[in-house]
Amino acid sequence: MTMMRELTLIGIRMESPNRAPVMMLRETEGYRYLPISIGSVEATAIAYEEQGLRPSRPLTHDLMRDLILAFDVHIEAVEIVELRDAVFFAELVLANGARVSARPSDSVALAVRLGTPIRCTEEVLREAGVATPEEEQAELERFRQFLDGVAPEDFSS
């Protein structure tokens, strides 16, 4: 049985020099962060939901949420299960035991819309997680405050 760790979405940040979006996740009961590079569309979808913005027409992840709810499907968790050749793999864990392969960015975009737990294997966290010394905690707090002020339009090209 694979050991899973619960994660919390910290937010999206723009990584220099090419300003590529990075999704930042953090262990709920720990000190490691999991940065995952994602596309700008997914970054915008996550940022919109985090900030409570509602576009005039549903985004793809809103449509997926609405279909999931309409078909009375329950997603128990989003799990980041593998890192292979610098590519992360995730699965949606359904209440009936089925697992659906998905990109982590799409999975998290759904998770924030549905209130679904986000988990990661210990193996992936060991390989790609970044431990943060306590002296960097103040800097991370400033980063969180920065995220609170970022608008989804900042991610559009």
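Helix H1 is followed by glycine 52, whose phi is positive, near 70 degrees; here helices (H or I, at least four residues) and strands (E, at least two) are DSSP runs numbered from the N terminus. The structure is a predicted model, in which local features need pLDDT of at least 70 and side-chain atom pairs count only at pLDDT 80 or more, whereas totals for chains, interfaces and linings use all residues. Residues are numbered from 1 along each chain as its sequence is written, and side-chain values use heavy atoms, with hydrogens and water left out.

In H1, which spans residues 40–50, the buried residues (under 20% relative accessible area, against over 50% for exposed and in between for partly exposed, with a 1.4 Å probe and protein chains only) are Glu42, Ala43, Thr44, Ala45, Ile46, Ala47 and Glu49. These buried residues of H1 pack against S1, S2, H2 and H3, where contact means heavy atoms within 4.5 Å.

Helix H3 (104–114) is largely enclosed by the rest of the structure, because 9 of its 11 residues are buried. The buried set comprises Pro104, Ser105, Asp106, Ser107, Val108, Ala109, Leu110, Ala111 and Arg113. Within this helix lies serine 107, for which a relative accessible area of 1% was computed, so that serine 107 is buried. When residues up to four places away in sequence are not counted, serine 107 touches Val78, Ala90, Leu92 and Ala102.

With neighbours within four places in sequence left aside, arginine 65 is in contact with Glu49, Leu110, Arg113 and Leu114.

Arginine 19, with phi near 55 degrees, is placed in the loop between strand S1 (4–15) and strand S2 (20–27), and is partly exposed, with a relative accessible area of 48%. Aspartate 72, with a positive phi of about 55 degrees, is found in the loop between helix H2 (60–70) and strand S4 (75–84), and is exposed at 71% relative accessible area.

The second largest pocket has a volume of about 160 Å³. A pocket is an open set of points on a 1 Å grid over the protein atoms alone, where a 1.4 Å probe fits, with protein on both sides within 12 Å along at least five of seven lines, and lining residues have an atom within 4 Å of a point. The points are joined across faces, edges and corners, and the volume is the space filled by probe spheres set on them. The lining includes Ile36, Ser37, Glu42, Val87, Phe88, Pro104 and Ser105, and strand S3 (32–37), strand S5 (87–94) and helix H3 each supply at least two of its residues. By class, the lining has 6 nonpolar, 3 polar and 2 charged residues.

The charged end of arginine 84 sits over the ring of phenylalanine 89, 4.3 Å from its centre, the criterion being CZ of Arg or NZ of Lys within 6 Å of the ring centre and within 35 degrees of the ring normal.

Note on methods. Ala, Val, Leu, Ile, Met, Phe, Trp, Tyr, Cys and Pro count as nonpolar, Asp, Glu, Lys and Arg as charged, and the others, Gly among them, as polar.
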